[in-house]
Amino acid sequence: MMLSKEINEYIEAHTTDEIPLLYDLNRETHQKTYYPNMLSGKVQGKFLEMIVAMLQPKRILEIGTFTGYSALAMSQALPEDGFLITVDRNEEIVSFAKGYFNKSENDGKIRLIEGDAREIIPSLDETFDLIFIDADKSQYTEYYELVFPKLRKGGFFLADNVLWGGKAIEDKNPDKETLGIRKFNDHIRDDKRVEQVMLSVRDGLLLIHKIKE
Ligand SMILES: C[S@@+](CC[C@H](N)C(=O)[O-])C[C@H]1O[C@@H](n2cnc3c(N)ncnc32)[C@H](O)[C@@H]1O
């Protein structure tokens with residue numbers, strides 16, 4: 001999007017290759033789904049994996065599984081006693097993702113829940129160390145406020161697509177996703193319970209540190 005094709009190729013070429021399972025998942029997602037660019041991909045996947053390797057979270061929540069790429073990428077760095085809960089409301093996608101989770105050596109660390117995150121989140125009786133927000137862009141602020149009490153103080157959120165292909169800063173005829181992303185970014189900027197840094201990885205990632213309850 002905002003970076004040139006050449007720069008993106010350079011970034012990809014200087015990032016560690018995906019494991020074969022993730023490579024196959026990436027490929028099959030491109031062959032069989034309508035919006036394959038929803039998948040995190042090689043660079044963001046490796047970034048997420050490294051964030052997990054650095055933070056060593058025991059409990060991760062992901063909102064928006066899609067075909068399972070980011071969940072699998074993060075699970076690679078999860079400690080043996082760690083787990084990742086991932087939520088998606090799309091039945092077809094959930095079975096696609098399950099097929100890949102079953103093939104992974106980290107399958108036992110991943111719990112996939114089918115349903116609307118806005119209904120599932122309140123039913124989760126867990127405290128998380130890391131929460132990855134990557135579902136419907138128009139609902140980001142709602143997810144954030146719902147999960148906020150379930151992230152431990154000192155924990156981190158990561159929110160994907162916060163640049164939304166550049167539409168976060170364009171004014172012309174914003175759609176509901178664009179409005180949702182802008183609302184979320186401003187909400188986080190004004191939230192005194194957190195500190196945050198916006199990263200220009202892929203479509204923009206917002207890394208949010210919870211410093212107050
Ligand atoms: C951008 S994709 C997730 C990509 C995935 N995290 C990755 O990096 O490969 C967004 C997913 O969120 C799901 N989704 C959208 N709104 C949702 C909601 N309210 N509850 C649960 N899942 C939702 C969609 O079905 C879709 O599969």
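**A tour from the surface patch to the sheet**

Begin by selecting Leu-3, Ile-7 and Ile-11, which together make up a nonpolar surface patch with about 230 Å² of accessible area. The model on display is a predicted one. Keep Ile-7 highlighted: this residue belongs to helix H1, residues 5-13. Ile-7 has a relative accessible area of 43% and therefore counts as partly exposed.

Turn next to the sheet. Select its seven strands, which form an open sheet in the order E3-E2-E1-E4-E5-E7-E6, with mixed pairing. At the edges are E3 and strand E6 (194-199), each of which pairs on one side only. From one strand to the next, the twist averages 15°.

Within this sheet, select strand E1 (residues 59-63) together with strand E4 (residues 128-133); the two pair in the parallel sense over four bridges. Show Glu-62 here, and Phe-132 in E4 will be found opposite.

Helix H5 lies across strand E2 (83-88) and E3, running at about 165° to E3.

Finally, follow the chain into the loop between helix H5 (91-103) and strand E3 (110-114), and select Asn-106 there. Is this residue, Asn-106, buried or exposed? Its relative accessible area is 9%, so Asn-106 is buried. To see its contacts, display Ser-75 and Gln-76: Asn-106 touches both, neighbours within four places in sequence being left aside.

Notes
Residues numbered from 1 in each chain as written. Predicted model: local features only at pLDDT ≥ 70, side-chain atom pairs only at ≥ 80, totals over all residues. Heavy atoms only, no water. Patch = residues over 30% accessible without salt bridge, like charges linked within 9 Å, V, L, I, M, F, W, Y side chains within 5 Å. Areas by Shrake-Rupley, 256 points an atom, 1.4 Å probe, with all protein chains shown as cover. Salt bridge = Lys/Arg side-chain N within 4 Å of Asp/Glu carboxyl O. Buried < 20%, exposed > 50% of the residue type's maximum accessible area, 1.4 Å probe, protein only. Contact = heavy atoms within 4.5 Å. Pairing = 2+ DSSP bridges. Axes fitted to C-alpha atoms, helices over the stretch in contact; angles between N-to-C directions.
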